[in-house]
Amino acid sequence: MLRKYNKNGWCATETKHLPSHVKEGIRLAGFRPLMKKCYLNSQKICVLQKKHKFTYCEGIVESDSIKGFYLAHAWIMDVDGFHYDLTLNPAPKVIAHKEYTVKDINDNLCKLGIPINQIWLNYVQFALDFDIDINCSQEELIEKVNKYKNDTAEEMERVRIAQEV
(Lines give C-alpha, C1' and ligand atoms only; values in the text may rest on other atoms or scores of the structure.)
Protein backbone atom coordinates (compact mmCIF):
# COMPACT_ATOMS: atom_id res chain seq x y z
CA MET A 1 0.00 0.00 0.00
CA LEU A 2 2.80 2.43 0.87
CA ARG A 3 4.34 1.97 -2.60
CA LYS A 4 1.13 3.33 -4.16
CA TYR A 5 1.30 6.51 -2.07
CA ASN A 6 5.01 6.79 -2.68
CA LYS A 7 4.49 6.55 -6.47
CA ASN A 8 1.78 9.24 -6.45
CA GLY A 9 3.80 11.62 -4.29
CA TRP A 10 1.61 11.47 -1.17
CA CYS A 11 4.40 10.05 0.95
CA ALA A 12 6.96 11.91 3.02
CA THR A 13 10.56 11.80 1.82
CA GLU A 14 13.46 10.39 3.79
CA THR A 15 15.37 13.02 5.76
CA LYS A 16 18.02 10.92 7.49
CA HIS A 17 20.65 11.92 4.91
CA LEU A 18 20.21 15.63 5.74
CA PRO A 19 22.48 17.41 8.25
CA SER A 20 21.12 18.28 11.69
CA HIS A 21 20.52 21.99 10.99
CA VAL A 22 18.31 21.14 7.98
CA LYS A 23 16.38 18.53 9.98
CA GLU A 24 15.91 21.10 12.75
CA GLY A 25 14.65 23.62 10.17
CA ILE A 26 12.09 21.08 8.94
CA ARG A 27 10.90 20.46 12.51
CA LEU A 28 10.70 24.20 13.27
CA ALA A 29 8.75 24.77 10.04
CA GLY A 30 6.31 22.09 11.19
CA PHE A 31 5.99 19.98 8.05
CA ARG A 32 7.26 16.79 6.45
CA PRO A 33 8.78 17.16 2.97
CA LEU A 34 6.71 15.25 0.41
CA MET A 35 7.86 13.41 -2.68
CA LYS A 36 7.32 15.20 -6.00
CA LYS A 37 6.86 18.53 -4.17
CA CYS A 38 10.35 20.02 -4.47
CA TYR A 39 9.16 23.62 -4.94
CA LEU A 40 6.71 23.50 -2.04
CA ASN A 41 9.15 21.70 0.29
CA SER A 42 11.95 24.18 -0.37
CA GLN A 43 9.72 27.25 -0.18
CA LYS A 44 8.12 26.10 3.10
CA ILE A 45 11.37 25.53 4.98
CA CYS A 46 12.63 28.96 3.92
CA VAL A 47 9.43 30.81 4.91
CA LEU A 48 8.07 28.92 7.92
CA GLN A 49 11.13 28.91 10.17
CA LYS A 50 13.49 31.76 11.07
CA LYS A 51 16.33 30.13 13.02
CA HIS A 52 18.32 28.96 10.01
CA LYS A 53 18.80 31.29 7.08
CA PHE A 54 18.12 29.10 4.06
CA THR A 55 18.03 30.42 0.52
CA TYR A 56 15.47 29.01 -1.89
CA CYS A 57 17.00 27.80 -5.17
CA GLU A 58 15.35 26.64 -8.36
CA GLY A 59 16.99 25.57 -11.55
CA ILE A 60 17.86 22.71 -13.84
CA VAL A 61 19.49 19.51 -12.61
CA GLU A 62 20.78 16.48 -14.47
CA SER A 63 19.11 13.16 -13.77
CA ASP A 64 21.24 10.64 -11.90
CA SER A 65 19.75 7.70 -13.78
CA ILE A 66 19.65 9.11 -17.34
CA LYS A 67 22.73 11.06 -18.46
CA GLY A 68 21.77 14.17 -20.44
CA PHE A 69 18.18 14.21 -19.10
CA TYR A 70 17.49 17.55 -17.46
CA LEU A 71 14.78 18.36 -14.89
CA ALA A 72 13.40 21.58 -13.46
CA HIS A 73 13.88 21.30 -9.71
CA ALA A 74 14.09 23.21 -6.39
CA TRP A 75 16.27 22.86 -3.28
CA ILE A 76 17.69 24.98 -0.45
CA MET A 77 21.10 26.45 0.27
CA ASP A 78 22.46 27.32 3.71
CA VAL A 79 24.54 30.38 4.67
CA ASP A 80 27.76 28.47 3.92
CA GLY A 81 26.65 27.87 0.30
CA PHE A 82 25.91 24.14 0.65
CA HIS A 83 22.95 22.84 -1.33
CA TYR A 84 20.44 20.47 0.31
CA ASP A 85 17.73 18.61 -1.51
CA LEU A 86 14.60 17.91 0.52
CA THR A 87 13.03 15.75 -2.19
CA LEU A 88 15.72 13.70 -3.95
CA ASN A 89 18.45 11.56 -2.42
CA PRO A 90 21.15 11.66 -3.59
CA ALA A 91 20.96 15.27 -4.70
CA PRO A 92 21.30 15.56 -8.49
CA LYS A 93 23.99 17.55 -10.27
CA VAL A 94 23.04 21.24 -10.58
CA ILE A 95 23.40 22.57 -14.13
CA ALA A 96 21.98 26.10 -13.69
CA HIS A 97 20.15 27.81 -10.84
CA LYS A 98 18.83 31.06 -9.43
CA GLU A 99 18.64 31.97 -5.75
CA TYR A 100 15.65 33.63 -4.09
CA THR A 101 15.14 35.24 -0.70
CA VAL A 102 12.20 34.78 1.66
CA LYS A 103 10.97 38.17 0.40
CA ASP A 104 11.01 36.84 -3.18
CA ILE A 105 8.92 33.83 -2.09
CA ASN A 106 6.49 36.04 -0.16
CA ASP A 107 6.19 38.46 -3.12
CA ASN A 108 5.18 35.46 -5.26
CA LEU A 109 2.96 33.81 -2.65
CA CYS A 110 0.28 33.07 -5.22
CA LYS A 111 2.89 30.76 -6.80
CA LEU A 112 3.56 28.79 -3.61
CA GLY A 113 4.51 25.27 -4.61
CA ILE A 114 5.41 26.12 -8.22
CA PRO A 115 8.50 27.76 -9.71
CA ILE A 116 8.93 31.50 -9.23
CA ASN A 117 10.54 31.90 -12.67
CA GLN A 118 9.07 29.21 -14.92
CA ILE A 119 9.93 31.16 -18.09
CA TRP A 120 13.66 31.12 -17.28
CA LEU A 121 13.51 27.39 -16.45
CA ASN A 122 11.82 26.68 -19.79
CA TYR A 123 14.45 28.61 -21.74
CA VAL A 124 17.34 26.91 -19.91
CA GLN A 125 15.83 23.47 -20.46
CA PHE A 126 15.28 24.18 -24.18
CA ALA A 127 18.85 25.48 -24.51
CA LEU A 128 20.29 22.37 -22.87
CA ASP A 129 18.20 20.09 -25.10
CA PHE A 130 19.58 21.79 -28.24
CA ASP A 131 23.17 22.42 -27.07
CA ILE A 132 22.81 26.19 -26.75
CA ASP A 133 25.27 27.82 -24.32
CA ILE A 134 23.48 28.80 -21.08
CA ASN A 135 26.34 30.78 -19.49
CA CYS A 136 24.84 34.21 -20.07
CA SER A 137 22.22 36.58 -18.71
CA GLN A 138 18.53 35.70 -18.89
CA GLU A 139 18.01 38.29 -21.65
CA GLU A 140 20.88 36.88 -23.74
CA LEU A 141 19.61 33.33 -23.23
CA ILE A 142 16.12 34.29 -24.42
CA GLU A 143 17.67 35.99 -27.45
CA LYS A 144 19.81 32.91 -28.29
CA VAL A 145 16.88 30.49 -27.95
CA ASN A 146 14.55 32.68 -30.02
CA LYS A 147 17.22 33.04 -32.74
CA TYR A 148 17.66 29.26 -32.80
CA LYS A 149 13.89 28.76 -33.10
CA ASN A 150 13.62 31.33 -35.91
CA ASP A 151 16.61 29.88 -37.80
CA THR A 152 15.15 26.38 -37.46
CA ALA A 153 11.72 27.53 -38.66
CA GLU A 154 13.29 29.25 -41.69
CA GLU A 155 15.31 26.13 -42.53
CA MET A 156 12.21 23.93 -42.25
CA GLU A 157 10.33 26.30 -44.57
CA ARG A 158 13.15 26.13 -47.15
CA VAL A 159 13.07 22.31 -46.99
CA ARG A 160 9.27 22.31 -47.39
CA ILE A 161 9.45 24.58 -50.45
CA ALA A 162 12.24 22.48 -51.98
CA GLN A 163 10.19 19.31 -51.52
CA GLU A 164 7.18 20.89 -53.27
CA VAL A 165 9.22 21.76 -56.37
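Residues are numbered from 1 along each chain as its sequence is written, and side-chain values use heavy atoms, with hydrogens and water left out. Because the model is predicted, local features need pLDDT of at least 70 and side-chain atom pairs count only at pLDDT 80 or more, while totals for chains, interfaces and linings use all residues.

Helices and strands are DSSP runs numbered from the N terminus (helices H or I, at least four residues; strands E, at least two). Helix α2 spans residues 20-29 and helix α3 residues 38-48, and their axes come within 9 Å and cross at roughly 80°. The axes are lines fitted to C-alpha atoms, for helices over the stretch in contact, with angles from 0 to 180 degrees between N-to-C directions. Helix α2 is therefore roughly perpendicular to α3; angles of 65 to 115 degrees fall in this class, those under 35 count as roughly parallel, those over 145 as roughly antiparallel, and the rest as oblique. On the α2 side, the contact is made by Val22, Gly25, Ile26, Leu28 and Ala29, and on the α3 side by Lys44, Ile45 and Leu48. Contact here means heavy atoms within 4.5 Å.

Helix α3 is mostly covered, with 8 of its 11 residues buried. Buried means under 20% relative accessible area, exposed over 50%, and partly exposed in between (1.4 Å probe, protein chains only). The buried residues of α3 are Cys38, Tyr39, Asn41, Ser42, Gln43, Ile45, Cys46 and Val47. Their cover includes helix α2, strands β1 (55-62) and β2, and helices α4 (102-107) and α5 (118-129).

Asparagine 117 is located in the loop between α4 and α5 and counts as buried, at 17% relative accessibility. Its C-alpha atom is separated by 9.1 Å from that of glycine 59, a residue 58 positions away along the chain. Neighbours within four places in sequence aside, asparagine 117 is in contact with Glu58, Lys98, Tyr100 and Gln138.

The structure holds 9 salt bridges, each defined as a side-chain nitrogen of Lys or Arg within 4 Å of a carboxyl oxygen of Asp or Glu. One of them joins lysine 144 and aspartate 133, with the closest N and O atoms 3.6 Å apart. Lysine 144 belongs to helix α6 (residues 138-164) and aspartate 133 to the loop between α5 and α6, so this pair ties together parts that are 11 residues apart in sequence. Both residues are partly exposed, lysine 144 at 30% and aspartate 133 at 41%.

Glutamate 155 and arginine 158 meet at 2.8 Å, N to O; they are 3 residues apart in the helix, and so separated by about one helical turn. Glutamate 164 and arginine 160 meet at 2.5 Å and, being 4 residues apart in α6, are likewise separated by about one helical turn. Glutamate 164 is exposed at 58%, whereas arginine 160 is partly exposed at 38%. A network of salt bridges links Glu157, Arg160 and Glu164.

On the surface, Ile66, Phe69 and Leu71 form a nonpolar patch with about 250 Å² of accessible area together. Areas come from the Shrake-Rupley method with a 1.4 Å probe, and for residues only the protein chains shown count as cover. Patches consist of residues with over 30% relative accessible area and no salt bridge, where like charges are joined within 9 Å and nonpolar side chains (Val, Leu, Ile, Met, Phe, Trp, Tyr) within 5 Å. Leucine 71 is placed in strand β2 (residues 70-77).
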